[in-house]
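Biologist: Could you walk me through the side-chain contacts in this one? I am new to it.

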Amino acid sequence: MDSPPNTPRTAKGEVEIVEPTRAERLIARRAAESRATVPDLELTSVVDMSATVAARRELGAAAGPESVPSLTAVVVRAAALALREHPRANGAYRDGRFELHGRVNVGVAVMSGDAMAVPAVPDADTKSAMKITAELRALAASVREGTITSPDLAGATFTITNLGVLGVSSFSPPVLPPQAAILAVGAVREVPVVRGGAILPGHEMNLTLNCDHRILYGTHAAEFLARIRALLERPQELLE
């Protein structure tokens with residue numbers, strides 16, 4: 001039997017030719033644009049998540065699981081508060097100038113099938129972790145159902161992508177031009193830690209910041225990432 005026209009025979013067997021969707025072509029174009037045009041700088045920090053894990057457990061025990069903000073929402077709030085203090089990270093390099101945005105709108109990468117969308121939580125620095133949790137759930141549902149609107153996909157000043165939920169410990173996503181940076185969230189893992197001379201159970205998580213080195217230099221990026229780490233390691237302000 002002859003192979004159909006879209007399955008040529010090669011030494012590797014029959015090859016199926018698949019046309020990418022419009023969304024997949026957009027992802028390919030933006031990824032290529034980022035790698036070709038953005039001189040990126042990558043930094044990774046190990047965050048002690050023991051206090052955040054304990055605080056979320058206490059919230060769940062006291063008021064039920066519906067009162068516990070998602071881990072992604074907690075990271076979004078930490079990043080949003082840090083972005084307010086570090087305006088370059090909330091900016092863009094465009095046409096030889098720095099654009100520093102007045103609002104902190106955090107985009108969160110959401111996969112739906114083979115496509116990815118980055119809906120934004122507007123003014124994330126003014127919202128509680130529970131409010132962000134609710135908005136993220138609604139946005140993710142809209143992406144899956146194909147009802148996401150253009151305003152929801154516009155206006156992000158910074159992006160977070162979390163593959164930790166799939167067990168990935170660390171990764172380096174491309175910056176989404178013209179944003180200054182993107183934050184990759186790894187899995188929270190249980191590890192032994194030494195406190196007061198004793199070995200105790202603890203939790204750690206890797207955060208990787210990939211940034212446009214034309215606007216975020218090493219010191220800027222390190223200070224911004226350190227602020228996010230500090231907030232996550234002392235999460236009282238994040239869970240108010």
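**Side-chain contacts**

Modeller: Start with Arg195, which is partly exposed at a relative accessible area of 35% (buried means under 20%, exposed over 50%, partly exposed in between, with a 1.4 Å probe and protein chains only). This is a predicted model, where local features need pLDDT of at least 70, side-chain atom pairs count only at pLDDT 80 or more, and totals for chains, interfaces and linings use all residues. Residues are numbered from 1 along each chain as its sequence is written, and side-chain values use heavy atoms, with hydrogens and water left out.

Biologist: Which side chain does Arg195 meet in a salt bridge?

Modeller: Asp48, at 3.2 Å from N to O. A salt bridge here is a side-chain nitrogen of Lys or Arg within 4 Å of a carboxyl oxygen of Asp or Glu. Asp48 is partly exposed, with a relative accessible area of 27%.

Biologist: Where do Arg195 and Asp48 lie in the chain?

Modeller: Arg195 is in strand E12 (residues 189–195) and Asp48 in strand E3 (residues 40–48), so the pair links distant parts of the chain, 147 residues apart. Helices (H or I, at least four residues) and strands (E, at least two) are DSSP runs, numbered from the N terminus.

Biologist: How many salt bridges are there in the whole structure?

Modeller: The search finds 10. One of them joins Asp125 and Arg84, with the closest N and O atoms 3.7 Å apart. Asp125 lies in the loop between strand E9 (120–121) and helix H4 (129–145) and Arg84 in helix H3 (residues 71–85), so this contact ties together parts 41 residues apart in sequence.

Biologist: Is Asp125 buried or exposed?

Modeller: Asp125 is buried, at 12% relative accessible area, while Arg84 is partly exposed at 48%.

Biologist: Which residues are linked in a network of salt bridges?

Modeller: Lys127, Lys131 and Glu135.

Biologist: Changing topic: how many aromatic pairs?

Modeller: The count is 2. Rings of Phe, Tyr and Trp (its six-membered ring) pair if their centres lie within 6.5 Å; planes under 30 degrees apart are stacked, over 60 edge-to-face, and the rest tilted. Among them, Phe158 and Phe224 are edge-to-face, 5.6 Å centre to centre with 85 degrees between the planes.

Biologist: What does the pair of Phe158 and Phe224 tie together?

Modeller: Phe158 lies in strand E10 (residues 158–162) and Phe224 in helix H6 (residues 218–233), so the pair ties together parts 66 residues apart in sequence. Phe158 is buried at 0% relative accessible area, and Phe224 is buried at 0%.
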